[in-house]
Amino acid sequence: MTAADFRPVLAQDALSGHSVIVTGAGSGIGRAIALRLLALGARVTGVGRRAETLEETGRMAGADAAYAAEVCDVREADAVEALVARVGEAHGLTGLVNNAGGQFFARAEDISPRGWQAVVNLNLNAVFAITRAARPYLEASRGAVVNMSLSPVERGAIGMSHSLAARAGVLAMTRALALEWGGQGIRVNCLGPGTVLTPALADEAHAPHVAKLVAGVPLGRATSPEEVAELTAFLISPAGALMTGQLIQIDGGAHLGVPVNMLGEDGA
Ligand SMILES: CCCCCCCCC/C=C/C(=O)SCCNC(=O)CCNC(=O)[C@H](O)C(C)(C)COP(=O)(O)OP(=O)(O)OC[C@H]1O[C@@H](n2cnc3c(N)ncnc32)[C@H](O)[C@@H]1OP(=O)(O)O
Ligand SMILES: NC(=O)C1=CN([C@@H]2O[C@H](COP(=O)(O)OP(=O)(O)OC[C@H]3O[C@@H](n4cnc5c(N)ncnc54)[C@H](OP(=O)(O)O)[C@@H]3O)[C@@H](O)[C@H]2O)C=CC1
């Protein structure tokens, strides 16, 4: 199976009647998620800091799509809470996709206190604030949260101490909220994509490093944004109704690390 062989599996109306907030919907993985949820019949509110890219997602979805672009920095808790309340009161909320995130790659000794704060605020504190704000609406709909994590979240990676600390926090929060809110019918899960060849990754990492990462994937290729989008849609849809508190890796086996090979060089 190559990425070109990928075919979506969910039925065309799988998300009709749904209202979902997708953060970071103006690019990369978040855009693919927004487009897929819209195609499945959901109303989508795309959140990010740049109006232009968010609006482009709407244009890509077509005039019939129930899409709204909301410019907001997810690190501004008051603005985020007001936004969630606005969407929740107007349309209800059946899903929240916390996809906005990112980091610069640097060794711990090169991360200043402000650099640490910037990354932890984006990848952990903002996720807590928006998820907490969404809770009453998700309770009313028995809805679902999908938190975008990283394949190496449980095994470490060089140059990502700030981001991995934040994502590990989100993973712990995911499990805690799955327990706290399970009785309210709210499901909370994390996805762990492997290398996804988005323009943002190309901007932040050197191409040869990325090629090496992809070459080391047991299934031999990068993760596509569409594959992450389909899994996200599945988790929000009724098909995922019994899944909560999980980290689901979608990385071709990369999270297993360098293989321990007891058969020596020639044993695959
Ligand atoms: C398992 C295997 C397969 C799987 C392998 C999987 C591998 C892929 C893993 C992940 C891939 C992705 O996430 S790809 C998506 C990547 N996209 C992004 O990361 C988006 C771009 N990044 C960002 O926006 C930034 O990193 C972020 C910090 C979050 C933005 O925040 P701000 O705008 O608030 O930041 P700024 O104001 O510019 O800077 C705040 C401080 O950070 C410092 N700072 C900024 N860049 C810095 C740098 N390169 N090195 C040091 N310090 C830096 C600044 O100097 C400031 O500190 P002072 O100088 O002290 O003031
Ligand atoms: N690409 C990869 O290999 C992998 C990526 N991931 C994760 O998946 C997610 C998406 O990554 P990807 O699509 O590659 O990267 P992008 O940089 O393209 O996506 C990040 C999105 O988040 C938005 N965003 C960033 N900061 C804020 C903020 N403060 N407030 C609101 N929105 C914000 C950006 O929009 P704007 O700038 O307009 O605000 C952008 O649309 C990230 O969390 C990333 O770490 C996980 C595993 C692998």
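Modeller: Two residues are in contact if their C-beta atoms, placed from the backbone, lie within 7 Å. The structure discussed here is a predicted model.

Biologist: Leaving aside neighbours within four places in sequence, with which residues is I186 in contact?
Modeller: I186 is found in the loop between α5 and β6, and this loop residue is buried, with 24 other C-beta atoms within 10 Å. Its C-alpha lies 23 Å from that of I29, a residue 157 places apart from I186 in sequence. Once neighbours within four places in sequence are left aside, the residues in contact with I186 are R135, L138, E139, R142, G143 and W181.

Biologist: Does R142 count as buried, partly exposed or exposed?
Modeller: A residue needs 20 or more other C-beta atoms within 10 Å to be buried, and with 12 or fewer it is exposed. R142 has 13 C-beta neighbours inside 10 Å, and therefore it counts as partly exposed.

Biologist: Which residues does T131 touch, not counting residues up to four places away in sequence?
Modeller: T131 has its place in helix α4, where it is buried, with 23 other C-beta atoms within 10 Å. Its C-alpha and that of V258, which is 127 residues apart from it along the chain, are separated by 35 Å. Beyond the residues up to four places away in sequence, T131 touches L96, N98, V145 and L177.

Biologist: Against which elements do the buried residues of α5 pack?
Modeller: Helix α5 runs over residues 161-182 and reaches 31 Å from its first C-alpha to its last, close to the 32 Å expected at 1.5 Å a residue. Its buried residues are H162, S163, L164, A166, R167, V170, L171, T174 and L177. The elements that these buried residues pack against are α4, β5, β6 and β7.

Biologist: Which element gives the most to the shell around ligand 1?
Modeller: Of the 24 residues around ligand 1, the nearest are G102, F104, S112, R114 and G115. Two or more residues of this shell come from each of α4 and α6. The element that gives the most, with five residues, is α4.

Biologist: From which element does the largest share of the shell around ligand 2 come?
Modeller: The shell around ligand 2 has eleven nonpolar, 13 polar and four charged residues, and of its 28 residues G24, G28, R49, G101 and A200 come nearest. At least two residues are supplied by each of α1, β2 and α6. The largest share, three residues, comes from α1.

Biologist: What is the radius of gyration of the protein?
Modeller: The secondary structure comes to eight helices and seven strands. For 268 residues the globule rule gives 18 Å, and the protein is close to this value, so it is as compact as a globular protein of that length, with a radius of gyration of 18 Å.

How values were computed: Residues numbered from 1 in each chain as written. Chains lettered and ligands numbered in written order. Predicted model: local features only at pLDDT ≥ 70, side-chain atom pairs only at ≥ 80, totals over all residues. Near = placed C-beta within 6 Å. Helix = DSSP H or I, 4+ residues; strand = E, 2+ residues; numbered from the N terminus. Nonpolar A, V, L, I, M, F, W, Y, C, P; charged D, E, K, R; others polar. Expected span 1.5 Å × (residues − 1). Rg over C-alpha atoms; globule rule 2.2 N^0.38 Å.
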